[in-house]
Amino acid sequence: MISPVDRGRIRSHASIPEHLLGLMSAVSGGEAFVVDDYLGFAKDPWVILIGYPLTGPFGASELGRALTESLREFRPATLWFIAPEVPAPPGIRVEHLESDRYYTLDVEGFRPRPSLRRLTGRAARALSLERGRAITPQHEEAIAEFLARERPSPRIEGLFRAMTRYVAQAESAVVLTARDAEGAVSAFYVVDLEAPGFATYVVGCHSKLHYVVGASDLLFLEMVALAREQGKRTIHLGLGVNDGIRRFKEKWGGQPGLPYELCEIRRQGAAVILPLLARLWGR
Amino acid sequence: MLSPADEAFVARHAYVPEHLPGYVAAVSAGEPHLVEGHLCYRAGETLIFIGYPLGRGCEVADLARAVSAAVTRFRPRQVALTAPALPDLTPRCEVRERDAYFRLDLSTVCVPAKERSLIRRAARELRVTQERQLDAAHQGLVAEFLASHQVAGDARRIYERIPAYVAGAGTARLFSARDPAGELVAFAVADLGGDVYAFYQFSIRSARRPVPGASDLLLTEVIAAARREGKAYLNLGLGVHAGVTRFKEKWGAEAFLAYEYGLFRPRRPGLLDALLRLP
């Protein structure tokens with residue numbers, strides 16, 4: 001359990017979206033914990049450790065100690081962690097899964113290109129914007145349509161399905177919605193404002209049934225406006241993920257920043273049986 | 001799941017031990033599937049993919065396509081893959097092990113000259129029988145072997161599942177060598193589940209009651225059984241290490257098929273990536 005003191009410390013020192021307690025607890029379903037200067041989430045049989053320290057500078061050996069402590073405390077089947085670099089803690093086999101970079105947008109320096117201004121200007125004439133505090137049945141319809149169309153991985157589907165619960169629980173969550181002339185949801189963003197220094201883009205979704213060109217871009221502008229009103233210096237746009245997503249972020253002025261390494265520590269499973277199948281003889 | 005027609009297809013073309021669904025399913029708890037002529041096993045979030053095609057030659061492009069199809073179908077978190085040569089699926093699919101499968105050509109194999117007298121002596125001392133199930137004596141030998149060889153982890157679990165494999169797979173054969181007092185001194189498990197190939201899975205002998213030539217005697221019995229059932233080859237598994245390879249080569253086995261093993265995770269956004277993904 002997180003004490004109120006730790007909760008305040010985490011909130012004031014959050015530097016990446018994974019430090020947001022409300023968001024991570026709701027989406028992962030895990031219970032937050034703190035080990036040394038690191039935040040984690042645990043739910044049998046897994047643990048997620050956020051390897052970006054809350055206050056001090058990053059140190060691979062300090063992260064190694066936090067990993068060892070988390071493994072000892074929770075004995076998970078799988079421990080995932082993210083960190084700015086891949087540590088090599090003694091006696092622990094770390095599997096490096098992904099490399100990426102966080103993308104952020106400097107709110108003060110935000111100057112969209114004229115072509116984007118024209119695009120969003122056209123969209124603004126066809127859409128009305130609203131800021132809300134709930135995922136309504138209309139949003140859920142848009143989500144269902146999006147999931148049926150895109151057929152994303154179960155994890156991304158799970159993320160979208162967790163939005164109703166997350167937005168209901170987290171006071172810092174805001175739903176930005178673009179509605180067409182009939183009032184139908186054309187697109188929406190979920191943004192988190194928990195951290196004092198930055199806003200976080202959480203998810204976005206657009207409808208093909210009520211499609212309006214530029215709806216997602218218009219919501220991006222609205223997100224920047226919201227962040228500015230709230231005194232945020234930056235917006236966390238998440239990871240590069242792939243070329244298409246990177247292009248979208250860079251189109252709007254997103255810049256690559258902190259390195260992101262996703263790693264895994266697992267108890268041995270079925271995979272390691274394979275090389276043994278034809279070599280039992282003569283061991 | 002494999003249909004009866006699939007099972008017959010697999011048996012007709014099986015040539016490596018991983019083509020034995022009864023064996024792999026018993027020790028890995030994986031469910032067998034056929035994907036584009038390749039056998040794979042779904043075990044939880046892991047896909048065990050056997051990159052040796054059934055009924056056709058090995059082509060790297062075919063293998064890459066089949067692995068991609070299996071990943072799309074089963075969405076595993078990780079893929080364990082064996083193949084003659086690992087396809088260039090991802091930079092993270094590194095070769096972790098290299099070896100080669102060995103086989104005996106049953107039309108030409110004969111007892112090595114140097115071993116004949118040894119095997120004759122063993123045959124005078126031991127009686128070899130075929131049985132259907134491991135009993136307490138077999139399991140005692142397994143326990144002795146695991147302790148003396150310090151076998152741990154997943155390899156240990158495979159050995160511990162051998163009784164279930166032998167009892168459950170109708171094609172597994174247990175060959176037991178006993179001394180005149182009836183004491184079990186060695187045993188071997190072979191699988192005759194392929195139409196063309198038989199598979200020598202492993203043998204265990206007693207360190208407490210060693211009988212020289214017992215392993216060779218068991219191998220001659222397996223060869224004889226495989227010939228009786230019309231098999232053309234006996235797959236002896238991988239080379240493993242120099243000592244085991246020498247034993248196989250002593251019998252005239254040839255390294256007939258390259259082996260590479262790798263492990264990779266299909267590229268897809270994980271939990272944390274997903275959290276931060278723009279549409």
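The exercises below, each with a worked solution, concern salt bridges in a predicted model.

**Exercise 1.** Find which residue forms a salt bridge with Glu130(A), and determine where the two partners lie and whether each is buried or partly exposed.

*Solution.* A search of the whole structure gives 21 salt bridges over all chains. In one of them Glu130(A) pairs with Arg179(A), with 3.0 Å between the closest N and O atoms. Glu130(A) belongs to strand 6 (residues 128-132) of chain A and Arg179(A) to strand 7 (residues 173-179) of chain A, so that the pair links distant parts of the chain, 49 residues apart. Since buried means under 20% relative accessible area, Arg179(A), at 12%, is buried, whereas Glu130(A), at 33%, counts as partly exposed.

**Exercise 2.** Carry out the analysis for Glu254(B) and Arg103(B).

*Solution.* The side chains of these two residues meet in a salt bridge, with an N to O distance of 2.9 Å. Because Glu254(B) lies in strand 11 (residues 254-264) of chain B and Arg103(B) in strand 5 (residues 95-105) of chain B, the pair ties together parts that are 151 residues apart in sequence. Glu254(B) is partly exposed at 36% relative accessible area, while Arg103(B), at 16%, is buried.

**Exercise 3.** Describe the salt bridge between Asp216(B) and Lys250(B), and state which elements it links.

*Solution.* The N to O distance in this salt bridge is 3.1 Å. The pair links helix 8 (residues 214-228) of chain B, which holds Asp216(B), with helix 9 (residues 242-250) of chain B, which holds Lys250(B), the two residues being 34 residues apart. Asp216(B) is buried, with a relative accessibility of 4%, and Lys250(B) is partly exposed, with 30%.

How values were computed. Residues are numbered from 1 along each chain as its sequence is written. Chains are lettered from A and ligands numbered from 1 in the order in which they are written. This is a predicted model: local features need pLDDT of at least 70, side-chain atom pairs count only at pLDDT 80 or more; totals for chains, interfaces and linings use all residues. Side-chain values use heavy atoms; hydrogens and water are left out. A salt bridge is a side-chain nitrogen of Lys or Arg within 4 Å of a carboxyl oxygen of Asp or Glu. Helices (H or I, at least four residues) and strands (E, at least two) are DSSP runs, numbered from the N terminus. Buried means under 20% relative accessible area, exposed over 50%, partly exposed in between (1.4 Å probe, protein chains only).
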